[in-house]
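Keep the structure open while you read.

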Amino acid sequence: MRLRIAHQLSLLLATAVVLAVLVVGVLSVWNLRSGFADYLRQRDQEQLTRLLKLVERRAAANGGMEWLRGDREAMRELMDEFTGRQGRGRPPGPPGFDPQRPRPDRLLPPPPGQMPPAGNFPERVQILDAHGGRLAGREPPPGVERSIRAVKMEGVTVATIVLAAEPEPDGVDAHFLQRQYSGLALVALGTIAISVLAALWVAGRWSRPLRALQLASRDIASGRRTTRLQPTGALEIAQLMEDVNSMTAELERLESARRIWIAQISHELRTPLSVLRGEIESIEDGARQPTAAVISNLRDEVLQLGRLVDDLHTLSVADLQGLPCNFVDGDADTALRRVCQRFEAPAQERGLQLVFPLAAASPILVRWDFGRIEQLMGNLLSNCLRYTARPGSVHVAWSPQGQELVLTVDDTPPGVNPSDLGQLFEPLFRADRARQRDGAHGSGLGLSIVRSIVQAHRGTVQASASARGGLRISVRLPLQADGQTP
């Protein structure tokens, strides 16, 4: 079963936080326990040092350690003096013992900078004589860590103090550790609870825009392209929403263009077919005779229909798989002038003047599909001759600029409405009627084919208003259109 992204994100975030809390908790407990054990060892070592000094003073005062052998009261009195409590010593006391010495009747604070003695410290102390015999204290349990200090008189060891390590904290120490563990557990549980709530909130914020994207994509797939998303969420998701909005707008534009194109194609095909059918029906009814003029008219309509079909096929191939091109090396100046020379006579018949450069001093070496380039040039000149009013002129110029060749075609009035300039290269688009000559008609696909040829050569084409009052077409073509280095 697949989980929703909100649930996956929640589980992911919650799991990550829980693992982090557990790791931090375990490390904290280990550090607390280890640190507390170090604290206890340090405390024992300091108290053991204090006890050693006290025993050495007693040994010096009593001339040795025999005063302590087998005497529980002496050991108790020693521990009372060490811990600062009133002891119940025997009245005579050991040799050198002063019964008049004041004894505290309450717990005295340890000297400054020293830790207080542990509550079970006296129970873990054992004092041995110089030969290892027991003087006082209990034998430490086997396996318990021990600390040993030598009691010396004038540099000679007279006894040994053995301190058994505290096995487990008890009393106040145990209570302190228990409180720390409980506090860590409560903090961990609180952190996990807060992290789960935060994970649910974060997952919700992530999933809401994704859910909106899902619904919008379903609307687009079903043909409803009016949905517009409000970019929200993370930067990448917001950008994705903007991209979906752009895609939706482009799909709307393409759908509208497709419908217009179908309508215009049907209109363009219907016109020559209607003429052909009318002429043929007239001949069948006997209203017209199949004279040479009638046959010529029928031939012109068939040729117009053939040109339209060829242009549609060229654009379809360009849209489906890219316009096929056969790139060869050659001279751009010669190829372009050849096309211009072919259009000189048709321009004069229409009362127009075609102006183009003379032969260049040196060839312009390029790598193009010259058949496609001649088709491009022919479409541009045909468009100018078809829509330029007489008397007028068409000016063609080309020159290499860096790694590109710039080709411009300018004509005289009438011009093109500035709002139509961006649509001139759309299939079957025609500018306003002022740009059309009487009796001139075309398929409306010539400039679209020009754009496809330019794109196949990795160039650019642009339409703008001409300084001569008409239309200016600017084409920029790489000298090495197939990507090879010169």
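Is the crossing of α6 and α8 left-handed or right-handed? The crossing is right-handed. This is a predicted model, so its geometry is computed from predicted atoms.

Start with the two helices. Two packed helices are described by the angle between their axes and the distance between the axes. Helix α6 covers residues 332-342, and helix α8 covers residues 370-387. Their axes lie 10 Å apart and meet at an angle of about 40 degrees. That angle makes α6 oblique to α8.

Now look at the residues between them. From α6, the contact draws on A332, A335, L336, R338, V339 and C340. From α8, it draws on F370, I373, E374, M377, G378 and L381. By class, the residues of this contact divide into nine nonpolar, one polar and two charged.

Move on to the sheet. Strands of a sheet pair through backbone hydrogen bonds, either parallel or antiparallel. Here four strands form an open sheet, in the order β2-β1-β4-β3. The pairing is antiparallel. β2 (134-137) and β3 stand at the edges. Each has a single partner strand, so one side of each is left without a neighbour in the sheet. Direction ignored, neighbouring strands of this sheet are turned by 20 degrees against each other on average.

Follow the pairings one at a time. Strand β1 (residues 125-129) pairs with β2 over three bridges, in the antiparallel sense. Within that pairing, I127 has A136 of β2 as its bridge partner. R146 finds its bridge partner in A164 of β4.

What links β3 and β4 in the chain? The two strands form a hairpin, with two residues between them. In this hairpin, E154 takes a positive phi near 55 degrees.

Last comes confidence. The chain averages a pLDDT of 80, and 84% of the residues score at least 70. Where is confidence lowest and where is it highest among the elements of the chain? Helix α5 (residues 292-321) has the lowest, at a mean of 75. Strand β9 (residues 404-411) has the highest, at 95. One stretch needs separate mention. Over residues 86-110, pLDDT stays under 50. For that stretch the model has 39 contacts beyond four places in sequence.

Notes:
Residues numbered from 1 in each chain as written. Predicted model: local features only at pLDDT ≥ 70, side-chain atom pairs only at ≥ 80, totals over all residues. Heavy atoms only, no water. Axes fitted to C-alpha atoms, helices over the stretch in contact; angles between N-to-C directions. Parallel < 35°, antiparallel > 145°, perpendicular 65-115°, else oblique. Left-handed = near helix turned anticlockwise from the far one by under 90°. Contact = heavy atoms within 4.5 Å. Nonpolar A, V, L, I, M, F, W, Y, C, P; charged D, E, K, R; others polar. Pairing = 2+ DSSP bridges. pLDDT = per-residue confidence, 0-100.
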